[in-house]
Amino acid sequence: MRITQGTFSFLPDLTDEQIKKQVKYCLDNGWAVSLEYTDDPHPRNTYWEMYGQPMFDLRDPAGLMMDLEECRKTYPKHYIRVTAFDSTHQWETPRLSFIVNRPPEEPGFRLKRQEQEGRKVRYTIDSYASDQPEGQRY
Amino acid sequence: MSAADKPEETRADEKTLDADAKVDLDAVFEASRIQEVFDQLDHDLVGLKPVKTRIREIAALLLVDHVRRQFDLASDSPTLHMCFTGNPGTGKTTVAERMADILHKLDYIREGHLVSVTRDDLVGQYIGHTAPKTKEVIKRAMGGVLFIDEAYYLYRPENERDYGQESIEILLQVMENNRDDLVVILAGYKDRMDRFFESNPGFRSRIAHHIDFPDYRADELESIGELMMNEENYHFSDDARQAFSEYIERRMRQPHFANARSIRNALDRMRLRQAKRLFEARGSITKSDLITIQADDVRASRVFDEPVDGEAGA
């Protein structure tokens, strides 16, 4: 099951050329881009690991692409996303984020039903991938 | 999104022309607005003939390349890594700053900013510190010009465990692989730069343009001084101008002479003496008093007391 999340979740995966243009757009807006990765695909997993530091004084997307290449080499089967952080007063938040790398196979989620008193049922989802310990998934 | 309509423009611009089509080089030259840069260069930088010639050559090459691409003639984008060598105060840093602007106008680099660094910014303090530090700097310089002042300090032959070597290797790799993304300019004194290249032959071969900055002649230094003065809204009285050219003559023959930098320092001291003179005279002063440097302000310099082959620099 293909995980989608972030700004371009409705689009097919972006090519490197497209990633570059989006990053350029972020930089032109004065946002600081950074790379994050994870191998836990749960939708509520908000805080991913940072790859390197946020690139606050970047001027050109080539800098991020260089890091992305390295990150892909290190974590070829992890999810990697680009996050653009707006440091303007009272924004101070990520303005845009999109996935730039994903595992070749995504096994999807198991639906868990928990029976409760009465005939109540609680539902939760659980990724098949996260059965394995961290670093050995995918 | 505004970025979306940009590629359309360039594609229309770069559609392949027929083999017998004619391109007006004048128009291309006009459109690049490079003449403005040349004029500015001639106006702001006195002398430096070989440097200006090389800049013109590079500009011509890039323009011709641009036209060639319109005919769909494949050619690799040229390497423009440079090395500036010359004595202190010959304008290496100033030209490097201009270079970023010129290459940007010529569409060779995308952003046109200059990141100026020295050994301290590239080389770390402990094992594993250097690579991230160097990469951080390189990332910042992407799309612009990376200017490494006194580059020979990167390599310390006396200490074989020096981390500078690591930095050099990363730089070499980036200079080769990311040729389209950034231009590296090294600068330093001629003899030490030569020694640096001897121990790092890879560096020499990856740099296409070795530009030597000549020392200034006395008359060039005079116009430089004049230019600096005008920028600061000062001017010489006629006597002072005469004294200033004598000053330059004498100063050039003394040790530790650093070309334009010495001139700048001398001018700063003249301003100091002028201020002191005005202050001590008390009473009312006019605007012309404030902007005029008198002969006394120049002649009070130590340079005039010392024999020309004296020991200490002014």
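Begin by selecting residues 4–103 of chain A, where UniProt places the feature "domain: Ribulose bisphosphate carboxylase small subunit", from an unreviewed entry; UniProt positions follow the numbering used here, feature names are shortened, and annotations may be inferred rather than shown by experiment. The model is predicted, so local features need pLDDT of at least 70 and side-chain atom pairs count only at pLDDT 80 or more, whereas totals for chains, interfaces and linings use all residues. Residues are numbered from 1 along each chain as its sequence is written, chains are lettered from A and ligands numbered from 1 in the order in which they are written, and side-chain values use heavy atoms, with hydrogens and water left out.

**Chain A**

Colour chain A by secondary structure: it contains 2 helices and 6 strands, where helices (H or I, at least four residues) and strands (E, at least two) are DSSP runs numbered from the N terminus. Along the sequence of chain A, these elements follow the pattern α-β-β-α-β-β-β-β. Taken along the principal axes, the C-alpha atoms of chain A fill a box of roughly 60 × 35 × 25 Å.

**The interface of chains A and B**

Next, show both chains and select the residues in contact, meaning those with heavy atoms within 4.5 Å. The selection holds 15 residues of chain A and 14 residues of chain B. Between chain A and chain B about 1400 Å² is buried, with carbon and sulfur atoms giving 55%; buried area is the accessible area (1.4 Å probe) that two parts lose on being put together, summed over both.

Side chains of opposite charge can pair when their charged atoms come close. A salt bridge here is a side-chain nitrogen of Lys or Arg within 4 Å of a carboxyl oxygen of Asp or Glu. The structure holds 36 of them over all chains, and 4 salt bridges are counted between chain A and chain B. Zoom in on B:K139 and A:D67, whose side chains form a salt bridge at 2.7 Å, N to O. This pair crosses between chains, from helix α7 (residues 130–141) of chain B to helix α2 of chain A. Then move to A:D60, which forms a salt bridge with B:R110, the closest N and O atoms being 2.5 Å apart.

Across the interface of chain A and chain B there are also 4 residue pairs in polar contact, both residues at pLDDT 80 or more. A polar contact is a pair of N or O atoms within 3.5 Å; within protein, one must be able to donate a hydrogen and the other to accept it, and residues adjacent in sequence count only if both atoms are side-chain atoms. On the side of chain A that touches chain B, the elements giving two or more residues are α1 (16–28), β2 (49–55) and α2 (61–74) of chain A. Of the elements on that side, α2(A) gives the most, with 5 residues.

**Chain B**

Now select residues 78–217 of chain B, where UniProt places the feature "domain: AAA+ ATPase", from an unreviewed entry. This span is 43% helix and 18% strand, with its end C-alpha atoms 33 Å apart.

Finally, colour domain 1 (14–213) and domain 2 (218–304) of chain B separately; the bounds come from an automatic or database domain assignment. Their centres, taken over C-alpha atoms, are separated by 35 Å. Here 8 residues of domain 1 of chain B are in contact with 8 residues of domain 2 of chain B. The area buried between these domains of chain B is about 610 Å², of which carbon and sulfur atoms give 60%. Select B:V46, B:P88 and B:G89, which lose the most area to domain 2 within domain 1 of chain B, together 68% of what that side buries. Between the two domains of chain B the rule finds 0 salt bridges, while 2 residue pairs are in polar contact, both residues at pLDDT 80 or more.
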